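Here is a short briefing on one protein model. Look at the sequence and the structure first, then read the points below.

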Amino acid sequence: MYFVYRSHYAGSLSKAVRRLPDPTVLAWFRRGWAAEDPEAWVEEELGTDVYGLTSIFDAAREAGLPLPETTDELRESLHEHLYVEGDDDYIRLDDHSLRVRTDDDEVELAYFFFDDNAVAAAPERLAYLLHESWPLPHGIAASQSFVPDVPVTVATPAAKGKATTFAVFLTFLDGESLARQEPLAFPGVDLLGLARHLRDADVPDDTWPPELHVLRALIAPEDETIDPALERCNRWPGFNLNEEPWLAPVDHPKALELLDSPEFVDGRDPAKSLLRVDPHLAQFAMHCNESFGYQQWFLFDSTWAAAHPALANSLLRYSHHWDPLD
């Protein structure tokens, strides 16, 4: 069974993944039901302090809750005693998984338990969530055929190429930090041609997210690929947390002026960011600050996605859905 904590405090991909020995979600909760020190037990089991999770074990110990024998009994106890910031729909339990959404008054958080049956049944929903560490694999296959199984926002009119590039921006500005925006698509454009395509594109007034405005503004006239602009984005001061508005300059010279003397706050350190650009996949973990770690961008085209369809589809879903099984 797998546990995943989708948390901005958890490393370069903002998630922690742990393999557990239990066959089912019910079995794991039964094993910890009588833990003498629930906080220590949960942290030892999962490798991290999971916000609110110990509340069910505290209640079991303090109120003498009966050991659940079935998924329905566990569900009833969780809805009654598990602490979450949200309503009953933020606790979703079935025979093979538990999905929980909450927040700690700073950022939104989610955690998940999936047994092996759930993982085997839905790789196109879970592959990215279960991917443990930076970076994603970058290999490609001969086929370029890929059709996303989640909605995407078409950001520019279709170009003449056969590929499509997708953009997943997991940047956040404030406490609304999960599933912020639908992924973007650039039909007819592969990743190698994205810099030229964005530089020549007509900029819509209000449909592009600020990340895309900034990325376009930081593409130099001589840039043939997207990686120099991504390196400049790493030094963009408008991505400091709690800074409004995010500046969205319309021309490259003005953007460069703002990069000459950037001011970073709350311990943000561009030197700690991670950036890898391959011909069909760009992955960027931008250092945010010491508390909230990193924010991620992924740009990939259908050539990469065709080689990794489960990973690609699950990453697109991750961008706009907190619950991958929804």
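Two strands count as paired if DSSP finds at least two bridges between them. Helices (H or I, at least four residues) and strands (E, at least two) are DSSP runs, numbered from the N terminus. With that rule, 5 bridges join strand 1 (residues 2-6) to strand 2, and the two run antiparallel. This is a predicted model, where local features need pLDDT of at least 70, side-chain atom pairs count only at pLDDT 80 or more, and totals for chains, interfaces and linings use all residues. Residues are numbered from 1 along each chain as its sequence is written, and side-chain values use heavy atoms, with hydrogens and water left out.

- An open sheet of 5 strands has the order 2-1-5-4-3, and its pairing is antiparallel.
- Strand 2 (15-19) and strand 3 (91-93) are at the edges with a single partner strand each, so one side of each has no neighbour in the sheet.
- Neighbouring strands of this sheet are turned by 10° against each other on average, direction ignored. Axes are lines fitted to C-alpha atoms, for helices over the stretch in contact, and angles run from 0 to 180 degrees between N-to-C directions.
- Y5 stands opposite A16 in strand 2.
- D105 is in the loop between strand 4 (97-103) and strand 5 (108-114). D105 is not a glycine, yet has a positive phi of about 75°.

- A second open sheet holds 6 strands in the order 6-8-7-11-10-9, with mixed pairing.
- Strand 6 (153-154) and strand 9 (274-277) are the edge strands, and each pairs on one side only.
- Strand 6 pairs with strand 8 (residues 184-187) in the parallel sense, over 2 bridges.
- In this pair, V154 stands opposite A185 in strand 8.
- P135 lies in the loop between helix 6 and strand 6. The peptide bond from W134 to P135 is cis, with omega near -5°.

**Helix pairs**

- Helix 1 (residues 25-32) and helix 4 (residues 71-81) pack at an angle of about 60°, with their axes 10 Å apart.
- That angle makes helix 1 oblique to helix 4. Angles under 35 degrees count as roughly parallel, over 145 as roughly antiparallel, 65 to 115 as roughly perpendicular and the rest as oblique.
- Helix 1 passes helix 4 in a left-handed crossing. A crossing is left-handed if the near helix is turned anticlockwise from the far one by less than a right angle, and right-handed if clockwise.
- The axes of helix 2 (residues 38-46) and helix 3 (residues 54-63) come within 9 Å and cross at roughly 140°.
- Helix 2 and helix 3 are therefore oblique to each other. Their crossing is right-handed.

**Empty space: cavities**

- Rolling a probe the size of a water molecule over the atoms shows where empty space is left.
- On a 1 Å grid over the protein atoms alone, a cavity is a set of points where a 1.4 Å probe fits but cannot get out, and a pocket is an open set with protein on both sides within 12 Å along at least five of seven lines; lining residues have an atom within 4 Å of a point.
- Grid points are joined across faces, edges and corners, and a volume is the space filled by probe spheres set on the points.
- How many cavities of 30 Å³ or more does a search of the whole structure find? There are 2.
- The largest cavity has a volume of about 120 Å³. It is lined by 18 residues, and the closest to its centre are R6, H8, L170, S177 and Q296.
- Strand 11 (293-301) and helix 12 (309-320) each supply at least two residues of this lining. The largest share, 3 residues, comes from strand 11.
- The lining of the largest cavity divides into 8 nonpolar, 8 polar and 2 charged residues. Ala, Val, Leu, Ile, Met, Phe, Trp, Tyr, Cys and Pro count as nonpolar, Asp, Glu, Lys and Arg as charged, and the others, Gly among them, as polar.
- The second largest cavity has a volume of about 50 Å³. Its lining includes R6, R125, Y128 and W322.
- Helix 6 (123-130) gives the most to the lining of the second largest cavity, with 3 residues.

- The largest pocket holds about 160 Å³ of space.
- Among its lining residues are L65, P66, E73 and H81.
- The lining of the largest pocket divides into 4 nonpolar, 2 polar and 3 charged residues.
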